[in-house]
Amino acid sequence: MTSLLPRAGDRFGSARATRLILAGLVVLFLAGHLPFLITAPTDIDEANFVLGVRRFDVAAHRPHPPGYPVFIALGKLARPISALVGPAPLEFGGVAAIESRALAFSAALLGALAIVPLIVFFRALEDSADVALAAAAVTAATPLYWFTAGRPLSDAPGLAAVALVGALLVVAWRRARAAASGHTRAPARAA
C-alpha cells in the first residue's frame, strides 16, 4: 500500500512541501475567518448556544437537546479569549458578543483543522497528494463550509469530527486491504 505522503512522482515532490501547503491552507482559512467572527446570534439555534455557554441547561433549551456538551465546552474554553476583546456595540450583539464570538472561534478553528483529515481522506481515496490537496482546498472554499465555519453553530466542529472519523476509517480499510493481499509495504501515514 502506498503511503499517504507524497512520492517522487507527485507534483509537489516532497512530504515537506505537502505539509507547508497544508499549513498554508489552515492559516489562510483562519485568516479569512478570525477577523469576521459573528458577534450576534442571528437565529434561535445560535441564541440557544450562546445561552448554553452562559449556563448549560438542556431542559431550559440552553442549548436545545441533545445539548451539544462538547461544543458548549469548547465555547466555555474560548470564552476567556473572547472576553479579552470585550462586548460589541448593541447593534452587533452587545454582551452576547463574548459567547457568540467564542463559539464562532471554536467553529473557525475546528473548520480549519478539519482540512488535515480531509487531505488524509482524499489521499487515501485518490493516490495523489496533488489531488488530495486540491480537493481539500476546494472543499474548504465551498460556500457552505466557508460560511458555517464562521458562525456560532456546531456544524463545522461536527464536520471536523466526521472528517477525522472518515479519515481514520478509510486509512484502516486500506491497511486491512493491503494486509489481506499480502503487501509488505509500510503502513500509511498521515500527511
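Let me start with helices α4 and α5, whose axes, in this predicted model, come within 4 Å of each other and cross at roughly 25°. Since angles under 35 degrees count as roughly parallel, α4 and α5 are therefore roughly parallel to each other. If you look for the residues that make this contact, you will find Gly111, Ala112 and Leu113 on the α4 side, and Ile115, Val116 and Pro117 on the α5 side.

In soluble globular proteins, nonpolar side chains tend to be buried together. Here the largest nonpolar core has 21 residues, and among those with the most contacts inside it are Phe29, Ile115, Leu118 and Tyr145. Which helices each supply at least two residues of this core? They are α1, spanning 15-33, α4, spanning 96-113, α5, spanning 115-125, α6, spanning 129-141, and α8, spanning 155-180, and the largest share, 5 residues, comes from α1. There is also a second, separate core of 8 residues, which includes Phe49, Val53, Ala96 and Leu153.

Finally, I would like to turn to one residue, Gly52, which is found in helix α2, residues 44-54. Is Gly52 buried or exposed? Because its relative accessible area is 0%, Gly52 is buried. If we leave aside its neighbours within four places in sequence, Gly52 is in contact with Arg62, Pro63, Ile72 and Lys76. As for Glu99, which lies 47 residues away from Gly52 along the chain, the C-alpha atoms of the two are separated by 9.1 Å.

Terms used:
Residues are numbered from 1 along each chain as its sequence is written. This is a predicted model: local features need pLDDT of at least 70, side-chain atom pairs count only at pLDDT 80 or more; totals for chains, interfaces and linings use all residues. Side-chain values use heavy atoms; hydrogens and water are left out. A nonpolar core is a set of buried Ala, Val, Leu, Ile, Met, Phe, Trp, Tyr and Cys residues joined through side-chain atoms within 4.5 Å. Buried means under 20% relative accessible area, exposed over 50%, partly exposed in between (1.4 Å probe, protein chains only). Axes are lines fitted to C-alpha atoms, for helices over the stretch in contact, and angles run from 0 to 180 degrees between N-to-C directions. Angles under 35 degrees count as roughly parallel, over 145 as roughly antiparallel, 65 to 115 as roughly perpendicular and the rest as oblique. Contact means heavy atoms within 4.5 Å.
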